[in-house]
Amino acid sequence: MASLQPPSLRPKGSNSPSTKAVILVGGPSRGTRFRPLSMELPKPLFPVAGHPIIEHCLVAVAKVTEIKEVFIVGYYDETVFREFINYASNAFPQLSIKYLREYQALGTAGGLYHFRDVILKGRPERFFVLNADVCCSFPLLEMLKLFEDKEAEAVMLGTRVANEAASNFGCIVSDAHTKRVLHYVEKPESHISNLINCGVYLFSTECIFPAIRSAIKRRTERPRLLSYPSSENLESSFYQGEDDEDKENQVIRLEQDVLSDIADSKEFFVLETKDFWRQIKTAGSAVPANALYLMKAFQASSEELATPSANIIPPVFIHPSAHVDPTAKLGPNVSIGPRAHIGAGVRIKESIVLEDAEIKHDACVLYTIVGWHSKIGCWARVEGTPTPITSHTTSIIKNGVKVQSITILGKECGVGDEVRVQNCVCLPYKELKRDVANEVIM
């Protein structure tokens with residue numbers, strides 16, 4: 001493949017490289033681990049640190065000045081993102097933001113390939129791909145610099161995790177000196193590396209689409225030789241068909257089907273971030289993500305955050321329409337949504353309180369998500385269990401049973417006065433009138 005010239009050698013103006021961005025949002029049949037919150041709102045639109053998860057991706061994309069076009073790719077109905085795209089188009093006037101709907105789940109690579117003509121319009125030389133369900137600082141400019149410096153065909157973002165957690169992710173073997181990716185395995189059965197794939201990529205258009213086409217060709221020629229050990233992939237990953245590249249049941253994934261092939265080329269590099277990174281898979285994982293984004297905003301002296309005081313332990317986000325009694329003590333790592341009502345003497349820590357929720361006087365809320373329109377009675381205690389900051393899971397073992405470390409109240413739940421709720425997931429419209437622990441309340 002012809003090497004890309006570094007930008008310094010290119011004449012300015014029309015000859016400078018064109019870059020686009022694609023944000024992958026999945027669809028309603030995914031995100032089941034985000035229940036009960038995804039019953040009310042698609043995961044990409046769930047508010048973390050006061051903003052929808054997908055908006056944090058757009059903030060990062062907007063910092064790359066040469067990106068003018070962003071595509072949101074998924075298989076939600078178009079109406080789901082209409083209001084958000086109208087808002088985002090005003091908030092990021094320099095970006096053209098469009099939603100591209102898959103007719104069915106095509107996989108992370110299948111969706112890109114299906115919309116290749118739209119992505120390639122205007123002949124961009126490269127484009128970013130961001131998974132919407134990751135929380136990180138999205139160092140896109142650093143990825144772009146590495147891409148240019150190495151004249152790369154692909155760059156992925158990587159981070160280090162504990163050895164015992166690594167096999168839950170895509171693992172990267174790289175040359176420490178050159179940053180070249182030597183080997184890539186998705187969820188390996190044995191330990192190969194603790195450098196993992198963060199789900200953020202920069203691809204040359206001349207590299208990625210032929211690589212996906214090759215993966216599709218392999219799938220159609222040998223449909224029965226491909227197996228996926230993960231049970232969640234069994235039904236959706238099995239492709240059977242003739243040689244029609246755009247057959248309706250193709251599911252092609254970047255991680256499982258494409259990246260290991262690109263690693264066999266010599267121009268695939270990894271940028272290792274030392275900054276924060278988390279997946280937002282389960283509903284409970286929104287709480288550590290909330291903490292990480294709030295901390296980032298606090299370090300950047302964001303004016304959105306509440307002013308620290310005796311009763312505000314930073315970082316805390318309070319929506320301007322929320323009412324918080326001055327005697328309530330909030331923080332650290334708390335987000336209070338629109339029109340929420342926080343009573344006198346309330347204590348909230350490491351939690352997300354969603355819009356129109358009410359927490360009555362002297363209640364205590366720790367490591368919890370309080371759902372839309374939910375009510376917590378006076379002197380009630382609703383809490384989860386803290387997990388280590390380095391942990392990439394939000395489940396813990398209590399009395400031999402795996403439970404969520406974060407307590408989650410779905411929409412319009414009620415907790416009675418003086419009731420204690422610990423490590424529970426409560427589905428919408430439930431009333432809790434007695435103490436309960438380590439349960440899913442259906």
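1. Helices (H or I, at least four residues) and strands (E, at least two) are taken as DSSP runs and numbered from the N terminus. This is a predicted model, in which local features need pLDDT of at least 70 and side-chain atom pairs count only at pLDDT 80 or more, while totals for chains, interfaces and linings use all residues. Residues are numbered from 1 along each chain as its sequence is written, and side-chain values use heavy atoms, with hydrogens and water left out.

2. Helix α9 covers residues 286–299, and its 14 residues reach 20 Å from the first C-alpha to the last, which is close to the 20 Å expected at 1.5 Å a residue (the expected span being 1.5 Å times one less than the number of residues). Among its buried residues are Ala286, Val287, Asn290, Tyr293 and Leu294, where buried means under 20% relative accessible area, exposed over 50%, and partly exposed in between, with a 1.4 Å probe and protein chains only. Serine 301, which follows α9, has a positive phi near 55°.

3. How do the axes of helix α7 and helix α8 cross? The axes of α7 (residues 205–221) and α8 (residues 254–264) come within 9 Å and cross at roughly 120°; axes here are lines fitted to C-alpha atoms, for helices over the stretch in contact, with angles running from 0 to 180 degrees between N-to-C directions. The crossing of α7 and α8 is right-handed, a term used if the near helix is turned clockwise from the far one by less than a right angle, and left-handed if anticlockwise.

4. In that contact (heavy atoms within 4.5 Å), Cys207, Ile208, Ala211, Ile212, Ala215, Arg218 and Arg219 of α7 meet Leu254, Asp257, Val258, Asp261 and Ile262 of α8. By class, the contact of α7 with α8 has 8 nonpolar, no polar and 4 charged residues, counting Ala, Val, Leu, Ile, Met, Phe, Trp, Tyr, Cys and Pro as nonpolar, Asp, Glu, Lys and Arg as charged, and the others, Gly among them, as polar.

5. An open sheet of 7 strands runs in the order β14-β17-β20-β23-β28-β31-β34 with parallel pairing, where two strands pair if DSSP finds at least two bridges between them. Its edge strands, β14 (316–318) and β34 (440–441), each pair on one side only. Within this sheet, 2 bridges join β28 (residues 407–409) to β31 (residues 425–426), and isoleucine 408 has valine 425 of β31 as its bridge partner.

6. Another open sheet has 6 strands in the order β16-β19-β22-β25-β30-β33, again with parallel pairing, and its edge strands β16 and β33 (436–437) each pair on one side only. Strands β22 (residues 364–366) and β25 (residues 381–383) pair over 3 bridges, with valine 365 bridging to valine 382 in β25.

7. Most residues other than glycine have a negative phi, and most peptide bonds are trans. A cis bond, with omega about 0°, joins proline 314 and proline 315, and proline 315 lies in the loop between α9 and β14. The bond from glycine 331 to proline 332 is also cis, with omega near -5°, and proline 332 is placed in the loop between β16 (329–330) and β17 (334–336).

8. Lysine 187 has a positive phi near 45° and sits in the loop between β10 (181–186) and β11 (195–204); its relative accessible area is 42%, so lysine 187 counts as partly exposed. Tyrosine 429 has a positive phi near 65°, and its place is the loop between β31 and β32 (431–432).
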